[in-house]
Amino acid sequence: MTDPLITDVVETEEAQAATKAAVFNAAERLFALHGFQNVSVRDITAEAGVNLASVNYHFGSKDALLFEIFRKRTAELNRERARMLHEANERHAGKPPVRAILEAYFAPPLRWSDPANDRRISIQFIIRARSEGTAQMRDAIQNDVSHLERFANALIAACPDRPRETVYWRLHFALGMVHNNRFAEFDRLHHLSGGVTREGDVKSLLDRMLDFAEAGFLAAG
């Protein structure tokens, strides 16, 4: 016979986990859509349908909640990148070419940003973090480069005739492409081109980005 005390504990733990998840998801969505400064704790708990004290109880503070979302989503994104880079290494006997390395870095956030992908809210949140993040987020963005090191090392190995300094600079410029290629921001380009730059799918956009970045890495100088 099941002990009712154990059942109550399990149900309580499940309820707390559900509340924490509801707060996390509501906060991510609201912050992504409206900005970090425009969303209050009351907004979050109302959206999640939970008690006003839930944010502080489960996360400690609004800033701590922000950082937890940032930490979790960037970790997920970088795991996906690392997996793709590992697969590229396996396909090319440990010596992937520049294009395969860049694809491993470019493809995951680009796929997340697709309007048809549920992960677009997560990538919108990460984008917000770059311009609106807390001091803890800014510190992580500036100083935690561990996820970039594996890509830098792979690119250095793939470009043996280029000085390391040159490879690092070109990686820096390639990162700028990732940060500025978002489906929601193409209207200006469409106006400039008179509509000829309409791009409707992730694969076509990824190919264009890879064509440009690969040529930059392989260019002389």
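This is a predicted model: local features need pLDDT of at least 70, side-chain atom pairs count only at pLDDT 80 or more; totals for chains, interfaces and linings use all residues.

Colleague: Fine. How many helices and strands are there in the protein?

Modeller: The protein has 11 helices and 0 strands. Those are DSSP runs numbered from the N terminus, with helices being H or I of at least four residues and strands being E of at least two.

Colleague: And what does the C-alpha trace span?

Modeller: About 70 × 45 × 35 Å along its principal axes.

Colleague: What share of the residues is buried?

Modeller: Of the 221 residues, 39% are buried. Buried is under 20% relative accessible area, exposed is over 50%, and partly exposed lies in between (1.4 Å probe, protein chains only).

Colleague: Now pockets. What volume does the largest pocket have?

Modeller: About 720 Å³, a volume being the space filled by probe spheres set on grid points, which are joined across faces, edges and corners. A pocket here is an open set of points on a 1 Å grid over the protein atoms alone, where a 1.4 Å probe fits, with protein on both sides within 12 Å along at least five of seven lines; lining residues have an atom within 4 Å of a point.

Colleague: Which lining residues are closest to its centre?

Modeller: Arg81, Tyr105, Arg130, His147 and His179, out of 32 in the lining.

Colleague: Which helix gives the most to that lining?

Modeller: H4, with 8 residues.

Colleague: Changing topic: where is Ala93, and is Ala93 buried or exposed?

Modeller: Ala93 lies in the loop between H4 and H5, and is exposed at a relative accessible area of 72%. Ala93 also has a positive phi of about 55°, although it is not a glycine. Most residues other than glycine have a negative phi.

Colleague: Last one: where is Glu214 found, and which residues does Glu214 touch?

Modeller: Glu214 is in helix H11, residues 202-218, and is partly exposed, with a relative accessible area of 23%. Not counting residues up to four places away in sequence, Glu214 touches Val98, Arg99 and Leu102, where contact means heavy atoms within 4.5 Å.

Notes: Residues are numbered from 1 along each chain as its sequence is written. Side-chain values use heavy atoms; hydrogens and water are left out.
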